[in-house]
Amino acid sequence: MASVWTSMTETILEYTGLSSTAFFTIAAMMVVTYKVVCSMFVSADDFVPVKREPLHLGDLTEEELKAYNGSDSQKPLLIAIRGQIYDVSSSKMFYGPGGPYAMFAGRDASRALAQLSFKPQDINGNLEGLSDAELEILRDWEDKFIEKYARVGQLVPKKTLTEKEKDENASRIEEVLKATKVDMMQEGGSAEVNGVHKAGHL
């Protein structure tokens, strides 16, 4: 056994120039480093792709977009850039809960991406005051999103009613007014009848 160890030590020293102690210490450190680095990433076996139908959400307000921040696993992960909304569900490890960019999900992250900022006050769609260099950075981000993710809608200040919705709302208002008018007439009629009864008793 001693001769085997001696032979191994001599071989290590000959090929690496290191003592056996130094060699095995470095080898152990490499193994630990490999394990730590691997633990930082999702393995292919652990990743289960979520099958979703192609989305087209249309117009969303900022308040409605917040519902797609990853808090509901049944909903896709959405991020807006320059008012355009993208489905980033395929990068859940980055934009999902616990991910390094999770704070951007459900928000318009234009300003934060342009400034490479993680400050909450910068996570918005306001582009005022950005420098040419920052706008160029934002364009690079936008190009990456266009290439990698599906665009599913756009941000609007508040939803504009379609002609059909306007007609439906007008019809509902008309029905409410008619019902109110009928109630008032019935109440007036009852009061009149009660008045006659009272007069008859006088």
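**View 1. Strands β1 and β4 run side by side in a predicted model.** Strand β1 (residues 58–60) and strand β4 (residues 150–155) form a parallel pair over 3 bridges. Strands here are DSSP runs of E of at least two residues, helices are runs of H or I of at least four, and both are numbered from the N terminus. Two strands count as paired if DSSP finds at least two bridges between them. G58 faces G153 in β4. Residues are numbered from 1 along each chain as its sequence is written, and side-chain values use heavy atoms, without hydrogens and water. Because the model is predicted, local features need pLDDT of at least 70 and side-chain atom pairs need pLDDT 80 or more, while totals for chains, interfaces and linings use all residues.

**View 2. Strand β4 also pairs with β3.** This pairing is antiparallel, over 4 bridges. Y86 has R151 in β4 as its bridge partner. D87 is bridged to A150 in β4.

**View 3. Four strands make an open sheet.** The order is β1-β4-β3-β2, and the pairing is mixed. β1 and β2 are the edge strands, each pairing on one side only. Neighbouring strands are turned by 40° against each other on average, direction ignored. Axes are lines fitted to C-alpha atoms, for helices over the stretch in contact, and angles run from 0 to 180 degrees between N-to-C directions.

**View 4. Helix α6 lies across β2, β3 and β4.** α6 runs at about 135° to β2. The helix covers residues 132–148. Its 17 residues should span 24 Å at 1.5 Å a residue, and its end C-alpha atoms are 24 Å apart, which agrees. The expected span is 1.5 Å times one less than the number of residues.

**View 5. One face of α6 is buried.** L138, E142 and F145 are the buried residues of α6. They fall within an arc of 60° seen down the helix axis, so they line one face. The arc is taken from the directions from the helix axis to the C-beta atoms. Buried means under 20% relative accessible area, exposed over 50%, and partly exposed in between, with a 1.4 Å probe and protein chains only. The buried residues pack against β2 (78–81), β3 (84–87), α4 (92–95) and α5 (110–115). Contact means heavy atoms within 4.5 Å. On the face turned away from the buried side sit the exposed residues D132, A133, K144, E147 and K148.

**View 6. Y86 and F145 form an aromatic pair.** A search of the whole structure finds 9 aromatic pairs. In this one the ring centres are 5.7 Å apart and the planes stand at 75°, so the pair is edge-to-face. Rings of Phe, Tyr and Trp (its six-membered ring) pair if their centres lie within 6.5 Å; planes under 30 degrees apart are stacked, over 60 edge-to-face, and the rest tilted. Y86 lies in strand β3 and F145 in helix α6, so the pair ties together parts 59 residues apart in sequence. Both Y86 and F145 are buried.

**View 7. Y101 and F118 form a stacked pair.** Their rings are 5.9 Å centre to centre, with 15° between the planes. Y101 lies in the loop between α4 and α5, and F118 in the loop between α5 and α6, so the pair ties together parts 17 residues apart in sequence. Y101 is partly exposed, with a relative accessible area of 28%. F118 is partly exposed too, at 47%.
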